[in-house]
Amino acid sequence: MSSAALDASATGAPPRTTSAEEVRRGEKERKARDNRIGWAFVAPFVVVFVMFLIWPFVHGFYLSFTGESITGAGGQLIGFDNYAEALRDPIMWRSLLNTLWFTVLSTVPLVLVALVLALLVHQGLPGQWLWRLSFFMPFLLASTVAAQIWIWMYNPQLGLVNYMLGAVGVEPIAWLQDPTWAMIAVVVETLWWTVGFNFLLYLTALQNIPEQQFEASALDGAGRWRQLRSITIPQLGPTTVLIAILQVLASLKVFDQIYMMTQGGPGGVTRPTVQYIFEVGFTGYRFGYASAIAYIFFAIIVIVAIGQMRLTTRRSA
Amino acid sequence: MTTTVTPQPQAVGAVHRQRGRFAEKAGLRIGERFASPGRIGAIVALVLLAAFWLLPFLWAVVTSFKSETAAAATPVSWVPSDGFTTDAYTRVLREGNIPLWTWNSLITTVAITLITLVVTALAAYAFSRLDFTGRRWLFWGIIASIIIPPQVLIVPLFYEMLTLNLIDTYWALILPQVVHPAMVFILKKFFDQVPIELEDAARIDGAGRLRVFWSIVLPLSRPILAAVSMFVFIGAWNNFLWPFIATSDASLMTLPVGLQTVKSAYGLQYAQVMASAVLAALPLVVVFLFFQRQIIKGFATTGFGGQ
């Protein structure tokens, strides 16, 4: 509104004599200019957005209905064959189960441990930089670096994990090669590597809790434990919901550390869906079939996201 | 008393000092606050947890300074019998490709960050200030696209790069990584809070939109631009899946992708593998040590919108 008035005065017409007709014309000109400049400003983003997000997204959907391979053969439409094959494919199902299992196993500690770490650090002990460094630094490492460090930690004969467990009498375990332990080992690595992000979000939320609430409750004789239970934890509710939602969506997309540490093994017990998409697409070179699995995966992500939104809106309503 | 959004150690300390004084006034015993069993337990827990988080780093560094014989010796020990050595580093730097991979990572990451910043800031400004046709549906389309995981796009993107003949070029690494719809959202929210009066004044003086954007809006937005750049930079620096797919030529590999090949190339050379990992981690660790506060603040700003 105010910019329309300014435009009118900028053209030199004194506001007093501006007729309704002129205002409308000015408004029209402003609109045309906004249109031109607006599209000019968004154009660069729209170009890369369409070329490298929307187009592949649409083309992938098309590919999922073809038998396309890297040689360019089999590019014709084959209807729902890929999807039918995927639903009968035990490896696809197993990879979905692995992904869900990893999500369950990783989300719970990644939220709870992050909360505990943030509460402990927020007490304000000396050496704040050191605590932050310890818990947040791993998050800044490339997945490759984190994975290589932990492959070495988990080495059955030479790794630190078995060495330390050996000190308390535990027999050496081949963490990444043993089907019962491989997924747990990957989850521990993931916790170490990524908890810093959730920790940071919690720490920020803790610092935003109004101090008066603690002072008032202290006057009423509430101890620290009581304050934690009745003020801090409830105040962190919305943050916890957001962190949990983001964590579930992030965990569902797991690939890097599993691919590097176990290659999906042993016997496929850790292979996540993204790895299966990758294998079908880039070792089997079946672009059509890989796309179909990718879209099944995408559908699950959307369903989970919508489910989470429903759950949280009902809760706050 | 208010605490700031930024996690500043001093602010936290001040809060606690003041809380201590307050407790004194309220007639609470200081001793209870600072030496209760609960508090001691909390301190012990914090120290143990920090040790657990630092231990893998320490172990990696110690291994990297061992000879290969010492690294592969049982029983495991922290101090090698033949002493510490920098052999692993010399061999990795002389025989490996780490400098080349670092260079590739640097070139592509800087390009990704700059292009992302320019295209997202321009778009976010338009969404914030200019009432152009289709603005609403375009904006909502961009927001909705945040749900699309990059992992879903790997096959069609690879196909597209084949068609464009860009596989095994820097462009194949750069272009798909400059699309950050969430950053458009974050920047638009920030621009919405920049007072429009400042711009109006400049526009009366005849400055065009681009001029206003460049010399008024951008300088005012430095903190958020820094946060977005940092988020994009670190994400691109560490990205694995797409660069892994888009490059087969060893001379174009980025640091994370190249490092993945080290394990197989060196066989059982544990000290050299750890030396490579330490070298690869070093740039970000150093940057983090210098800019800890800014980086933490940046992630706190972009965090919820960025994932």
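Mentor: Domain bounds come from an automatic or database domain assignment, and for chain A that assignment gives domain 1 (2-63) and domain 2 (90-316). This is a predicted model, in which local features need pLDDT of at least 70 and side-chain atom pairs count only at pLDDT 80 or more, while totals for chains, interfaces and linings use all residues. Residues are numbered from 1 along each chain as its sequence is written, and chains are lettered from A and ligands numbered from 1 in the order in which they are written.

Trainee: What distance separates the centres of domain 1 of chain A and domain 2 of chain A?

Mentor: Taken over C-alpha atoms, the centres are 44 Å apart. In chain B, where the assignment gives domain 1 (42-85) and domain 2 (97-306), the C-alpha centres lie 35 Å apart.

Trainee: How many residues of domain 1 of chain B are in contact with domain 2 of chain B?

Mentor: Two residues are in contact if their C-beta atoms, placed from the backbone, lie within 7 Å. Nine residues of domain 1 of chain B meet eight residues of domain 2 of chain B in this way.

Trainee: And how many residues does each chain give to the contact between chain A and chain B?

Mentor: Chain B gives 91 residues and chain A gives 90 residues. On the side of chain B, the largest share, 13 residues, comes from helix α3 (residues 37-64) of chain B, where helices are DSSP runs (H or I, at least four residues), numbered from the N terminus.

How values were computed:
Helices (H or I, at least four residues) and strands (E, at least two) are DSSP runs, numbered from the N terminus.
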